[in-house]
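Please find below my notes on the model you sent.

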Amino acid sequence: MRVGIVGGGQLGRMLALAGHQLGLVCTTLDPAEGSAASQVAPSIVGAYDDRPALASLAETSDVVTYEFENVPVEAARFLAAQVPVRPGPQALEAAQDRLNEKALFGELGIPTAPFAPVDDLASLEDAIERVGLPAVLKTRRLGYDGKGQFVLLDPVRAEDAWRAVGERPSILEAKVAFSREVSVLAARGLEGDVVAYPLVENRHREGILRLSLAPAPEATPALQARAEGFARAVLERLDYVGVIAIELFQVGEELLGNEIAPRVHNSGHWTIEGATTSQFEQHLRAVCGLPLGEATARGPSAMVNLIGALPDPADVLAVPGARLHRYGKAPRPGRKVGHVTITAPTREALEERLARLLPLIPEA
Ligand code: AMP
C-alpha cells in the first residue's frame, strides 16, 4: 500500500521508517527542501495549501494521513475528495481550535480546567472574573509547545497578556496545580477496534516536553481505566482511524483533559523500543486497515528529548539501554533535533541509567 503523509518533520520520518519495514511506500509532503522525512522517504516539496502538490500526493497514495494537526481543513477536504484521509478532517477541526476541543471534552463528560472564551480585552476582563487567577491565556488556534500562551497572575497585566497572544481569539484557562502531567495514546482501527497504551508521565519545561516516563510510575488501574475511557470516547465520537494522543493533567486521582493531538505524539516515542508495537507502526496499521498490534509496555522506559543541540553520540550510546534517534534537522534553539529512549529491566535500573544519561544532554 502507498501512504501519503502531510508533513515531513520527525513524526513523518519515524512513520516512514516504520512503514518501510512493513513494505509500505510512504510519501511525505512538506514545504521545506531537505525535511527530516525527505531524507528517508520519497517526498514532495510544496505548501500545505498548494493544490497541485496536494493532488500529486493524492495520486501517489492509496490513503493519506498527517503528522501535525495544523493541516488546513480545506486541504484535508480536497485530499479526501480523491483518496481516503485518515483520521478524517473532522478530527482536525476538533483539535485545531482549543475552544472546539474544550467543547468536545465537555460533551463527552471529560472534565477540564475552568475556562472562558476571550475575543477582546473586555471579554478577557470578564473571563478573569469568571475563571479566577492564576490563569493561562492561550490562542485558540496555532499554539504549540507553549507558544501563544501567557500566564496571568495579576489582573493589571490583562493588557500585556492580550498583546502577548497577538490580540487573537483565545481562551483563558485556570492554571491547574497538577500533581503531574500524563498522556494517553490509543489507536482505533478501520473496524472500530481500540487499543490503548499505558499512561505516560510527561515533564515539560518552558511549555516543551523534556522527559517522558512509561508506563507512568504509580498509575493505578483506575487511573489507567479512566484515561482509556476518555480516549475511547473521543475516538468514537470523531469516528477516528489512527493513533491519537490526549494530554491530561493529573490532580490527585482525577484527570483533566488539556489537549488532543490527532496524530502520533512526542510522548509516544518510547513505544519504538518500549512497547510491543510502536505508535508509528500502529498508526500505519490503522490507516491501512491492517489489524492493530498489542500496545503493552515491554518494561519501564524513559524518553528524553534533544532540544536545540545534540549530545556526543558515543557518550549516549555508552549508557546501557540507551537508543539514540536523530532527526536530520539542523540544531536551532528550541528545536527538537532528536530523542533518546532508555529501557531497563526494572524501574531502579531505569533511574540509574537516566541519572547517567541526563548530564550528557546539552540544555539548549
Ligand atoms: P499546551 O500547549 O496547552 O499543551 O500547554 C503547554 C504546557 O503548558 C502544558 O503541557 C503545561 O505544562 C502548561 N500548561 C498549559 N495549560 C495549563 C494550565 N491550564 N494549567 C497549568 N499548566 C498549564
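1. Pro134 sits in the loop between α6 (121–131) and β6. The peptide bond that leads from Leu133 into Pro134 is cis, with omega near 0 degrees. Helices (H or I, at least four residues) and strands (E, at least two) are DSSP runs, numbered from the N terminus.

2. On the source: this is a predicted model, in which local features need pLDDT of at least 70 and side-chain atom pairs count only at pLDDT 80 or more, while totals for chains, interfaces and linings use all residues. Residues are numbered from 1 along each chain as its sequence is written, and side-chain values use heavy atoms, with hydrogens and water left out.

3. A cis peptide bond also joins Arg86 and Pro87, with omega at about -10 degrees. Pro87 belongs to the loop between α3 (73–80) and α4 (89–96). Another backbone point concerns Glu206, which is not a glycine but has a positive phi of about 50 degrees. Glu206 lies in the loop between β11 (200–205) and β12 (208–214).

4. Which residues are closest to the ligand? They are Lys138, Glu173, Val176, Glu181 and Glu259, out of 15 residues that surround the ligand. A residue counts as near a molecule or strand if one of its heavy atoms lies within 4 Å of it. By class, this shell holds seven charged, five nonpolar and three polar residues. Here Ala, Val, Leu, Ile, Met, Phe, Trp, Tyr, Cys and Pro count as nonpolar, Asp, Glu, Lys and Arg as charged, and the others, Gly among them, as polar.

5. Where does the shell come from? At least two of its residues are supplied by each of β6 (135–139), β8 (170–174), β13 (242–251) and β14 (254–261). Domain 2 (114–174) and domain 3 (180–360) each give at least three residues to the shell; the domain bounds come from an automatic or database domain assignment.

6. A nitrogen atom of the ligand lies 3.0 Å from a backbone N or O atom of Ala174. In the side chain of Asn258, an N or O atom is 3.2 Å from an oxygen atom of the ligand. For the side chain of His204, the corresponding distance from an N or O atom to an oxygen atom of the ligand is 3.4 Å. The ligand on its own has 480 Å² of accessible area, and the protein covers 90% of it (Shrake-Rupley method, 1.4 Å probe).

7. Two strands pair if DSSP finds at least two bridges between them. The angles are taken between axes, which are lines fitted to C-alpha atoms. Four bridges link β5 and β8 in the antiparallel sense, and Pro117 has Ile171 in β8 as its bridge partner.

8. The other open sheet to note has four strands in the order β3-β2-β1-β4, with parallel pairing. Its edge strands, β3 (43–45) and β4 (63–66), each pair on one side only. The twist from one strand to the next averages 20 degrees. Strand β1 (residues 2–6) runs parallel to β4 and is joined to it by four bridges; Gly4 has Val64 in β4 as its bridge partner.

Terms used. Polar contact = N/O pair within 3.5 Å; in protein donor to acceptor, adjacent residues only side chain to side chain. Axes fitted to C-alpha atoms, helices over the stretch in contact; angles between N-to-C directions.
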